[in-house]
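Thanks for coming, everyone. Let me put the structure up, and then I'll walk through it.

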Amino acid sequence: MDVTVVTGVPGVGASNVCREARRRLEDGYELLNFGDIMLEEALTRGLVADRDDLATLPLREIRLLQRRAGEFVARRARNRAILLNTHLVVATAHGFLSGLPPAVRSDVSPDRFVLVEADPATVGERRDTVEYRAYREQGERAIDLHQDLNRASAATHATETGATIRLVDNEGAVDDAATALADIVSAGDPPR
């Protein structure tokens, strides 16, 4: 199993970077979006109408959805290398919450964490152009805090799992960031 956890604050462009990086990688790599897996389960159970509703669920439901998503990732990772796009820290209606609590982190068993970052002003500008998502935290200070929390979470997770941490700058062209991510992933363990 080889799992690369790719994370960034909402609006930084981590999903676009992951999609482009996946195109550059061998067929043995699969891109999974943790939030999409959670959303599919929540929709099946009739808990939400859309992705933004996930953050308003009771904490018990969020944690259960996280656990189910972690189990799904673990099953998929048995036969292929995984590029997992997720949030290490999630802004919920209850406050910031760990995106990979201990049981989920154990299931996912990450080999490396890659933080996709950009200047908070850039992230704010990108968010202003998006009409299909609502962003819980607003303003450069909130974005900066969220990026700091992601860094702290990555450091904690890496210490607990022995995984490495890398940074991908997504300030410029997405192609540059995607190439950097693909290079990091392909330098890890080879796909099975």
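I'll start with the ground rules, then take the sheet, the helices and a few single residues.

This is a predicted model: local features need pLDDT of at least 70, side-chain atom pairs count only at pLDDT 80 or more, and totals for chains, interfaces and linings use all residues. Residues are numbered from 1 along each chain as its sequence is written, and side-chain values use heavy atoms, with hydrogens and water left out.

Sheet first. Five strands make an open, parallel sheet, in the order S2-S3-S1-S6-S7. Strands and helices here are DSSP runs numbered from the N terminus: E, at least two residues, for strands; H or I, at least four, for helices. Two strands pair if DSSP finds at least two bridges between them. Strands S2 (29–33) and S7 (164–169) are at the edges with a single partner strand each, so one side of each has no neighbour in the sheet. On average, neighbouring strands are turned by 20° against each other, direction ignored. For angles, axes are lines fitted to C-alpha atoms, for helices over the stretch in contact, and values run from 0 to 180 degrees between N-to-C directions.

Now strand S1, residues 3–7. How many of its residues are buried? Five of its five. Buried means under 20% relative accessible area, exposed means over 50%, and partly exposed is in between, with a 1.4 Å probe and protein chains only. In a regular strand the side chains alternate between the two faces of the sheet. Both faces of S1 are covered: Val3, Val5 and Thr7 are buried on one side, Thr4 and Val6 on the other.

S1 pairs with S3 in the parallel sense over five bridges. It is joined to S6, also parallel, by four bridges. Take Val5. Its bridge partner in S3 is Leu84, and in S6 it is Phe113.

Leaving out residues up to four places away in sequence, Thr7 touches Thr86, His87, Leu88, Val114, Leu115, Val116 and Asn150. Contact means heavy atoms within 4.5 Å.

Asp2 is buried, at 2% relative accessible area. What does its side chain meet? The side chain of Arg112, in a polar contact of 3.0 Å. A polar contact is a pair of N or O atoms within 3.5 Å; within protein, one must be able to donate a hydrogen and the other to accept it, and residues adjacent in sequence count only if both atoms are side-chain atoms.

S2 pairs with S3 (residues 81–86) in the parallel sense, over five bridges. Glu30 has Ile82 as its bridge partner in S3. Leu32 stands opposite Leu84 in S3. Four of the five S2 residues are buried, so the strand is largely enclosed by the rest of the structure.

Next, the helices. H1 (residues 14–24) lies across S1, S2, S3 and S6, and runs at about 165° to S2. H3 (residues 59–76) packs on the sheet as well, touching S2 and S3, with its direction at about 175° to that of S2.

H3 also meets H2, residues 34–44: their axes come within 9 Å and cross at roughly 115°. On the H2 side, the contact uses Phe34, Ile37, Met38, Glu41 and Ala42. On the H3 side, it uses Ile62, Leu65, Gln66, Ala69, Gly70, Phe72 and Val73.

H5 covers residues 120–128, and Pro120, Thr122, Val123, Gly124 and Arg127 are buried there. Helix H6 (140–161) is part of what covers them. Asp119 caps the N-terminal end of H5, with a side-chain oxygen 2.9 Å from the backbone nitrogen of Ala121.

Beyond its neighbours within four places in sequence, Val185 is in contact with Thr4, Leu25, Tyr29 and Leu83. Val185 and Ala81 are 104 residues apart in sequence, but 9.3 Å apart in space, C-alpha to C-alpha.

Leu64, in H3, is partly exposed at 27%. Leu64 and Ala49 are 15 residues apart in sequence and 18 Å apart in space, C-alpha to C-alpha.
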